[in-house]
Structures are given as structure tokens and as C-alpha cells.
Amino acid sequence: MQCIIALKSQPARFTFVFAVVAVLIVAAVTSDCMAADSSANSTSQNSSQLIDDLVSKGWKENGFAPSKTATDSEWCRRVYLDVLGRIPTVDELNQFLKAKRTSQRDAELVDRLLGPDYVQEYARNWTTIWTNTLIGRTGGTDRRSPTSRPGMMQYLERVLLENKPYHLMARDLITATGDARPDMDNFNGAANFLVEKLAENGVQATAKTSQIFLGMNVQCTQCHNHPFNEYQQNQFWEMNAFFRQTRRNLEQMMDDDEPKPYATLVDDNFGGEGRMMGDRRREVVLEMRHGKLVDRDGAGVHAAPTYYELRNGQVRVAYPVFVDGSSLAAKYSDQGEDYGNSGAIEQINRRKELAELVLGSEQLEQSLVNRYWAHFFGHGFTKPIDDMGPHNPPSHPELLEILARDFRDSEFDLKGLIRRLVLSKPYRLSSRMNSSNVEDDPALGRPPMFSRFYVRQMQAEQLFDSLLVATKADAQATDDEKREMMKDRWLRQFSTAFGNDEGTESTSFNGSIPQVLTLMNGDLTKKAIRTKGESFLGRIANDPQLSNADKFNYLYQAGLSRKPSKQERKICTQLLASRKGDVARTLQDVWWAVLNSNEFILIH
Amino acid sequence: MNLIQRAPGMTRRHFMSHLAGASALAGPAWAFTNTLRANAAELKKNHKSCIMLWMGGGPPTIDMWDMKPGATTGGQFNPIATTGEAQINELMPKLAEQMKHLSVVRSMSTREADHTRGGYYMKTGYVPNPNIEHPSYGSVVAHEIGTKIDNLEIPPFVSIGGSGGGPGFLGMTYAPFQVSSNGRMRDLQMGVEDWQLADRMKLLSVLERRFVNERRGPAPEEHAKVLDSTLELMTSEQLVAFKVDQEPQAVRDRYGNNNLAKSCLLSRRLVEAGVPFVEVNFGGWDLHQNCFTSLEEKLPVLDHALSTLVEDLSERGMLDDTIVMCMGEFGRTPRINENAGRDHWARSWSILAGGGGLSAGRVIGETNADGTAVTSEPYSSEDLMATICQAMGISLQTVFTANNGRPMKIANSGKLIEGLIA
């Protein structure tokens with residue numbers, strides 16, 4: 001005997017269960033906070049010491065002597081670039097250099113940059129970094145894209161302004177529902193992380209959530225067991241099952257000249273795959289077994305399965321299981337065998353379940369610490385930073401583990417982590433090699449030992465903001481909005497999306513000829529070297545307080561955070577003579593050269 | 001401004017030395033571009049070139065070069081006869097006329113089926129390795145052939161309409177020069193007098209050298225090298241190769257007006273000017289959905305542009321020295337999915353190649369009745385790269401020293417695809 005019914009939303013009798021879960025979550029978070037109180041901030045100094053101890057252990061083991069300490073101005077420039085995303089102004093630099101040399105001087109600078117005076121700039125810089133991480137440089141830049149880049153940025157800026165704990169940010173992004181665009185009624189900018197990634201049954205949502213929040217590269221396991229690491233194909237689809245209640249509703253506003261999609265992220269009942277009916281309800285075929293009506297296809301009436309195909313053509317079923325093997329079926333087994341696999345939103349909200357599993361996983365803090373370490377030190381503990389696991393052991397396992405644990409204990413305090421990293425001894429080292437540490441070069445394919453500061457190029461965003469600071473090239477763009485528009489326009493020329501299902505993109509801001517051309521001849525540079533009237537160079541040229549030598553000094557300090565060498569002073573003076581004393585034009589050429597130099601574009 | 005000492009003859013010969021004289025810092029102002037025109041020597045072309053048409057996303061080669069009419073995996077299109085051995089999709093009648101010049105390798109069998117890994121593998125001959133980045137075809141050619149071409153002032157590796165393969169451990173000097181399909185380049189002119197440019201370069205060279213000498217690793221020096229190449233490009237008359245609009249109207253009409261057509265025309269101009277490797281990007285092949293309706297749009301575009309390129313090269317007598325190859329990071333599943341699409345598939349797929357002394361009009365290798373397996377000798381990315389390198393006159397015994405000190409054999413010891421060698 002067979003009959004066909006359609007699976008419908010289950011009645012409300014299970015709602016109380018969710019309420020209980022929610023209470024437990026709140027309790028867990030609260031106890032975290034309380035545990036963290038005693039260890040936050042006060043231990044950051046010790047933690048920097050810990051970095052010094054564990055990193056220097058690696059130096060000894062490899063026979064590297066660390067490079068000398070960087071000069072104060074080098075370090076200052078580096079801190080501004082890494083924390084605020086721009087170089088220091090001459091005033092800021094001098095304020096630091098003139099401060100009394102106490103043991104606390106470095107810490108005072110870092111605290112100031114992480115404190116209320118700079119909170120807007122800090123938030124803007126890290127909003128850029130996180131936006132690029134979450135939706136890429138091209139995410140939301142195409143008019144037809146449902147992703148709202150401004151929406152994503154608004155959410156992140158708020159989070160970063162208040163230094164919201166990282167795990168809560170992760171939860172927001174994983175569980176978000178609501179409207180993507182700021183001009184929509186039910187706006188929730190966090191929804192933009194997943195808006196574009198839900199296409200093709202959420203394959204990208206699965207891959208990027210694992211990659212960003214867990215440091216796991218599972219992209220390949222979509223199609224097959226990973227050839228080189230421990231990840232299996234079933235894990236991919238079991239993770240993917242967490243996203244299958246989520247839908248992206250799109251609406252086009254036709255009154256607009258060029259219609260844009262308006263996206264809304266919602267969670268909805270999921271009947272499972274199989275023969276689908278009109279409103280996404282699964283056809284369930286029931287049959288009598290042992291005197292009971294059961295799903296002929298093996299999964300009870302609650303379960304909402306998804307299917308994937310092995311390379312040999314076999315089809316397998318997937319239900320939500322976290323990468324560590326925790327299944328929702330097991331978690332809710334006391335409610336019945338299939339309860340945890342339910343697709344009914346009143347019973348199981350799969351994304352909320354996923355968020356709690358992510359928040360409980362130590363991979364959350366390890367991947368974040370690895371990401372931040374790489375930001376400040378140029379290389380992470382693993383390469384690439386978001387492919388961690390036994391197949392790719394970290395360069396400093398003990399350090400990573402302790403930093404990660406401390407980060408969790410600090411209630412996921414991002415600013416606290418930054419402070420620790422920036423105030424450590426390895427971050428204070430010069431980028432100049434000595435005779436013993438030439439071999440400490442990750443470009444040689446060796447694990448980084450951080451015995452010197454690895455030189456790296458500024459990101460396009462850092463360059464833009466640095467040029468603005470150094471030259472006030474945005475004199476006309478007085479308000480932030482205009483500045484951001486200008487920045488967007490400028491940045492866009494470098495990025496290309498590959499248009500494939502992995503969301504791959506590339507940047508030509510990579511030290512290649514087009515980048516050099518932009519810096520030599522582009523508009524931004526032309527603006528930066530204007531000499532008329534109240535322009536940056538105009539004011540220096542016409543400042544009666546400054547001697548010509550002072551003026552050259554000022555330009556070198558503004559661009560390179562140092563004074564010109566003897567040879568550089570000589571050539572500047574020579575140039576001025578050959579220009580028959582035309583200071584403005586001389587400054588223009590000097591400034592052009594400074595801005596185009598390797599020393600300017602590199603973080604060192 | 002010879003920032004980095006190069007072998008004589010590698011760069012524009014007089015430019016650097018004249019620059020010093022041109023600078024107000026060292027003597028009277030002097031317009032160096034005029035002198036360069038007087039000194040510019042005819043480029044000697046005795047090398048081969050390669051145009052790689054890169055189909056990013058992974059083209060469904062089972063619908064293009066190795067069709068399976070009647071099989072459940074066959075899709076909706078019919079094959080047509082060509083002037084070569086191969087039958088190809090009916091949507092490409094113009095290319096069918098040119099297939100006497102091109103061969104199909106139907107027995108490509110690889111293992112990398114995601115875009116990033118597959119693209120890396122197909123362009124470098126190596127599977128991705130976190131510890132080392134390998135150079136792609138174009139960078140290898142730039143290193144092995146580009147550096148030996150006298151008087152080539154424009155980059156030896158140009159990527160049109162896409163980012164192109166990476167230079168890996170060979171460094172940014174061998175990176176692709178990326179341009180759009182209309183050949184326009186941003187920010188090429190500084191808009192100042194030559195003497196002022198010379199002054200600026202002189203100031204800059206003092207800064208650059210100082211920083212390079214401070215031993216901070218390879219990045220400062222790489223920057224200086226790229227600065228050299230950029231200056232060379234900016235001041236070169238060979239830039240005219242990028243100006244597609246200087247091509248006679250009839251030729252432009254013949255190629256057509258879409259991006260691929262313009263890219264193909266630009267690639268021909270660049271090869272004519274002596275550029276040994278051009279990558280033409282024609283993406284959008286990630287056809288998980290509606291594969292066949294997409295092909296109805298894409299294949300006619302490919303048909304017209306590629307057939308015109310091959311015919312044009314042939315008429316100009318350039319095809320003997322110019323390899324044209326056509327591939328993506330993998331093929332697509334013989335199985336047609338529930339969205340009328342095909343997914344990633346690396347196990348059995350095809351590439352197209354010809355010209356430059358490769359065999360012409362042949363079919364090499366075969367797959368089984370539904371296209372799910374290669375039934376003849378399978379070929380890998382390494383094999384294909386070895387074959388192309390050999391055809392271009394690059395010795396397969398070439399060994400690079402990677403930056404980790406380890407020797408890296410060109411094309412990763414691939415074996416020659418016999419049938420593809422003429």
C-alpha cells in the first residue's frame with residue numbers, strides 16, 4: 001500500500017525546544033564573558049612576551065640571529081599602515097619620535113591608535129579588510145549583483161566601532177536574515193555575506209563559511225574526497241545541509257532606470273530534495289513496514305535529506321553534520337531518530353545550529369589568530385592561511401594554540417589581539433637581513449621564522465588612503481561619502497572577477513606594469529603633486545617658516561617617515577639649482593619620485 | 001636609469017645611457033624619444049610565438065571537439081564534418097573550414113577539477129603546492145624566448161581581457177602584461193616634457209637603489225626591475241602594436257566587434273610585433289546551468305573569432321611560426337545535471353591546438369562511447385606543456401632553480417604528445 005502526502009510545516013509543539021536551546025546559548029556566552037573578565041587586557045603584555053619566547057625558540061633551533069630592532073620611525077610607519085591602513089602624517093610621526101623614550105612609549109602609541117581618538121579610522125580600515133575577506137574585492141560591485149557592498153560595510157563598521165567580540169560577529173554573519181540593501185525596510189547588512197553565496201544550493205556558502213571561520217579549504221571536496229588532505233566529500237555536503245533552509249528572495253524595482261536586485265535572506269521550511277513540488281515541499285512516498293507507515297525512501301517523515309553524487313555515479317544522502325562529526329540527529333536523538341534532521345524551521349533552525357557549532361569550535365579562534373598574524377607579519381603560521389589542518393602543519397603550533405586560547409579567553413577581543421601582536425618583539429624587528437638570517441625567507445618555501453620583518457607591498461586600499469593622508473589629494477572630497485566613492489572608483493580598475501562558481505578574482509595591483517603606470521602617471525598621483533594654491537605642495541613651497549632643506553625633509557618624512565640621506569639632499573639641491581630656484585616645481589619632482597619609490601609602496 | 005644591470009641588448013640599447021645625459025641634473029635637456037626613433041633597429045624575428053585562448057570556467061569539450069551524438073551524455077547538438085579529421089559542433093561551421101590547420105587532443109585526462117587548482121595545473125604543469133609558485137606558460141616563454149629577442153621593448157607576455165597565468169618564482173619581471181581587448185592602456189603618458197621625466201627618473205633611481213642595497217629581500221629589487229620595464233614600454237614606439245584601431249577597417253570588420261574578436265585581432269598584431277606569448281581570455285564556461293542555451297550564444301562567437309584568427313595567420317604566412325591553442329582548466333561532465341548543465345570534469349576531455357609546426361588537421365586519442373573515460377593513452381597538463389615548449393624551440397632539458405634552491409624541470413618532465421608533433 002502506498003500513499004503520497006506532502007510534508008508540511010510541523011505544528012508548534014516543538015517551539016519550546018528551541019526556546020530552551022536559546023537559553024542554553026545565552027548561558028554559555030555569559031559564562032564565557034565571566035571567565036574572560038579576569039584575563040582580558042591585563043594579560044596582553046604577557047602574551048607579547050609569550051610571542052617573543054616562542055618565536056625566539058625557533059630562531060635558536062634554526063641558527064638565525066634576529067635582525068636588529070627597526071628604527072622608531074620604521075616601526076611607527078608600519079603600525080599606522082597595519083592598524084589604520086595608512087602611513088602616519090608628519091605630525092603624528094614627530095609626536096611619536098619626540099615622546100619620551102620610556103618602556104611604555106610603543107604601547108602608548110598602539111593604545112592611542114586602538115582607542116577612541118582613532119576609532120573611526122580603525123573601523124574604516126578593518127571594514128575594508130573584512131569586506132574583502134567576506135565578499136571579495138568584486139563582491140557587490142556589479143550592478144546586477146544582489147549583494148550590497150555598502151550594506152556589508154555598514155554592518156562591519158558598526159561591529160568594528162564597538163569592537164564587538166569576534167564570535168558574535170561570526171554568529172551574525174552565519175545566521176543573518178533580512179534585507180541586503182540599506183534602503184530596504186528590514187535592513188540587515190550582515191546578510192550580505194551569504195546573499196550571493198546561496199546560488200547552486202549554497203556551495204559557496206559552505207566553502208566560504210568553512211574557509212573563513214574554520215580555516216578549512218573544502219572547495220575540492222564538493223566533487224570528491226580531497227586528494228591531499230583529510231577532508232571527505234560527505235563532510236562537504238553534510239556542512240552544506242546546514243544552509244538548505246536558507247533562501248534568497250529577489251525583487252527587481254522596475255521604476256528604476258537600471259533595475260537593481262533587492263535581496264532578502266530568509267529561513268524557510270525545507271522539505272528535502274527528491275521529487276520537488278511547487279512550493280518546495282518534498283513528495284514523500286510512504287509505505288507500511290512492520291505495521292507502521294514509514295518513508296519508503298528510508299528517511300522518516302521529519303528528515304529533510306539532500307543528495308550528492310560520488311565520482312562513480314553513486315548517490316549518497318546528507319544531513320547536517322558539523323566537520324567534527326557532531327550531527328544534529330545525535331544532538332536531538334532524545335526527540336526521535338530523525339528530529340535533528342528535520343527541515344521544519346520550528347523544529348530545527350539549521351543555520352543557528354551551525355553558528356553554535358562554529359562558535360564552540362576551536363578552529364574559530366585558530367583561524368582568526370592565523371589570519372591576523374598573517375596581516376601583521378606578512379605570513380601566517382600556515383600557507384595559505386585558510387587551509388589549516390593536519391595536512392598543513394603550522395610553523396609555530398604551540399604559539400598558535402596559546403594565542404588562540406587566549407583570544408577565546410579574552411572574549412574574542414580583536415583589539416586586544418592586535419595589541420599583543422603589534423607589541424611583540426618580532427614585530428619590532430627591522431626588515432633588513434643580517435648574515436645569519438638570509439635563509440629565513442618564506443619565499444624560499446620554508447616555514448617563516450619571523451627573525452626579520454618580511455617586506456610586503458601595500459594593498460591598493462592602503463596606498464589610496466596613504467596618498468590621501470600624505471597629500472590630502474581629496475581636498476575637494478570633504479565628506480566621507482565622496483571620498484569613499486572616489487576610492488571605489490580608483491580601486492575598481494585593479495580587480496577582475498573570474499566569473500566562476502568559486503567566486504575567484506584577481507588584482508592587477510600586484511607590482512606589475514599596470515600598477516606602476518598608475519602610480520607614475522595616474523590621476524591620483526597627478527592630484528597629489530599639484531602645486532597650485534592651497535595644495536599640499538603649494539603650502540609647503542610657500543611656507544616662509546621652512547628653509548629649502550626643511551621642505552625636502554618634510555617630503556621625505558611625509559612619504560617615507562625618514563629624512564633624506566646625504567646623497568638625496570645633494571640631488572634635491574642640484575635639481576633646485578637647475579630649476580633656477582623654482583621651489584614648487586622642484587618639490588613636485590621630488591614628491592613624485594618619493595611616491596613612486598619601492599620604499600613608499602612597501603611595508604617594511 | 002639602469003636600476004638593475006641587465007645583459008646588453010636585452011633592453012632598448014640607448015635609452016638608459018641617454019637618459020643620464022637628458023637629465024637636467026647632468027647636462028642639457030634632450031629629447032630622447034626622437035633619438036630612439038633614429039636608433040630603433042628592426043626587430044629580428046626568428047622565434048616562434050603562441051596564442052593561448054583560455055576558456056576560463058572549463059568548456060564542455062564533449063559538446064565541442066569530442067561529440068557523442070546519440071549517447072545519453074551527448075547533449076542536443078549535432079557534429080559536422082570539417083576540413084580536418086575531426087568532427088566538431090554544428091554551431092562552428094567557419095571553424096570547420098579551418099580545422100585542416102588545427103588538431104584535437106581528445107585524450108586529456110587530469111585530476112584537478114576545481115577552478116583555482118585546475119587553472120594553476122593546466123597553466124603551469126604542476127599541481128598547486130603551498131611552498132612554491134610555479135611559472136605559467138607565458139612566463140616560461142618570456143623567460144626562455146622573450147629575453148633573447150633583440151629590441152623587443154613591449155612585454156613578452158601579454159594577457160588580453162584577463163589576468164593571465166602567474167610568473168611564480170621567476171618574479172614579476174615575467175608577469176603577464178594585462179590589457180583590455182581594445183588594447184587601450186591606462187595612464188601611459190605622464191604628460192610632462194622628456195627632460196622632466198628624466199629628472200624624475202634620476203631622483204627615483206637614487207631612492208630605489210638605496211632601498212635595494214639595504215638587503216630587505218627580493219621585493220625592492222623586483223619593484224626596480226618592473227619600473228625599468230614600465231619605462232621601456234612607456235617610451236617605446238612598439239606600443240603601436242596595441243593600437244587595434246590602426247588596423248584597416250576591412251580587417252577590423254572581418255574580425256568583428258565583440259571582445260573576443262577584438263582580442264584575437266590584437267593578439268595577431270602583438271605576435272606580428274614580436275611578442276612570443278599572448279593569452280586571450282574568453283571566459284564564462286562554468287556552465288552548471290543551461291549549458292546548451294549558453295552554447296548557442298558562445299559557440300558562434302568562438303567560431304567566428306577563432307576561425308578568422310587562424311585564417312588570417314595562415315594568409316599572412318604567420319601560422320607556421322605561431323601556435324594557436326584553445327583550452328580551459330578542465331572539461332565538463334558527460335552527465336547532464338538536473339539544471340540542464342554540466343559540472344566540472346577532468347578525467348576525459350579535449351584541447352585544440354595547431355600552427356607553429358604542430359600537426360594539422362589531426363585527431364589524437366579517443367574516449368569511450370559516452371565520453372566518460374579515455375580509451376587511448378591519456379595525456380596530462382605536463383605532456384601538453386612539454387609538447388608546446390618543444391614546438392616553440394624551448395629545450396625540455398631546461399631546469400630552473402626555484403627560489404627554494406630546488407631544481408624545477410620545465411613542464412615537469414611531461415612526455416611529448418606524439419600525434420601533436422608534425
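Q: Which residue meets A:Asp465 in a salt bridge?
A: In this predicted model, the two side chains come to 3.0 Å, N to O. The pair links distant parts of the chain, 22 residues apart, with A:Asp465 in helix α18 (residues 460-471) of chain A and its partner in helix α19 (residues 480-492) of chain A. Both residues are buried. The partner is A:Lys487.

Q: Is A:Arg101 buried or exposed?
A: A:Arg101 forms a salt bridge with A:Asp72, and their closest N and O atoms are 2.8 Å apart. A:Arg101 sits in the loop between α4 (90-98) and α5 (105-114) of chain A, while A:Asp72 belongs to helix α3 (residues 72-84) of chain A. A:Asp72 has 12% relative accessibility, so A:Asp72 counts as buried. A:Arg101 has 68% relative accessibility, and because over 50% is the cut-off, A:Arg101 counts as exposed.

Q: Is A:Arg181 buried or exposed?
A: The side chain of A:Arg181 meets that of A:Asp183 in a salt bridge (3.3 Å, N to O). A:Asp183 has 49% relative accessibility, so A:Asp183 counts as partly exposed. The relative accessible area of A:Arg181 is 16%, and therefore A:Arg181 is buried.

Q: How many salt bridges are there between chain B and chain A?
A: Over all chains, the count comes to 51 salt bridges. One example across the two chains joins B:Asp199 to A:Arg579, with the closest N and O atoms 2.3 Å apart. Between chain B and chain A, the count is five.

Q: Which element gives the most to the side of chain B that touches chain A?
A: There are 13 residue pairs in polar contact between the two chains. On the chain B side, the elements that give two or more residues are α4 (115-124), β6 (177-179), α6 (194-213) and α7 (219-234) of chain B. With 14 residues, the element that gives the most is α6(B).

Q: How many charged residues does the side of chain B that touches chain A have?
A: The contact takes 57 residues from chain B and 72 residues from chain A. By class, the chain B side has 24 nonpolar and 16 polar residues. The charged residues on that side come to 17.

Q: What is the area buried between chain B and chain A?
A: Carbon and sulfur atoms give 57% of this area. In chain B, the residues that lose the most area to chain A are B:Leu203, B:Leu207 and B:Arg216, together 12% of what that side buries. The total between the two chains is about 5800 Å².

Q: How many residues of helix α20 of chain A are buried?
A: Helix α20 covers residues 513-521 of chain A and is mostly covered. Among its buried residues are A:Ile513, A:Val516 and A:Asn521.

Q: What percentage of the residues in chain B are buried?
A: The secondary structure of chain B comes to eleven helices and 14 strands. Among contacts in chain B between residues at least 6 apart in sequence, 73% join residues at least 24 apart. Of the 422 residues in chain B, the buried ones make up 60%.

How values were computed
Residues are numbered from 1 along each chain as its sequence is written. Chains are lettered from A and ligands numbered from 1 in the order in which they are written. This is a predicted model: local features need pLDDT of at least 70, side-chain atom pairs count only at pLDDT 80 or more; totals for chains, interfaces and linings use all residues. Side-chain values use heavy atoms; hydrogens and water are left out. Buried means under 20% relative accessible area, exposed over 50%, partly exposed in between (1.4 Å probe, protein chains only). Helices (H or I, at least four residues) and strands (E, at least two) are DSSP runs, numbered from the N terminus. Contact means heavy atoms within 4.5 Å. Buried area is the accessible area (1.4 Å probe) that two parts lose on being put together, summed over both. A salt bridge is a side-chain nitrogen of Lys or Arg within 4 Å of a carboxyl oxygen of Asp or Glu. A polar contact is a pair of N or O atoms within 3.5 Å; within protein, one must be able to donate a hydrogen and the other to accept it, and residues adjacent in sequence count only if both atoms are side-chain atoms. Ala, Val, Leu, Ile, Met, Phe, Trp, Tyr, Cys and Pro count as nonpolar, Asp, Glu, Lys and Arg as charged, and the others, Gly among them, as polar.
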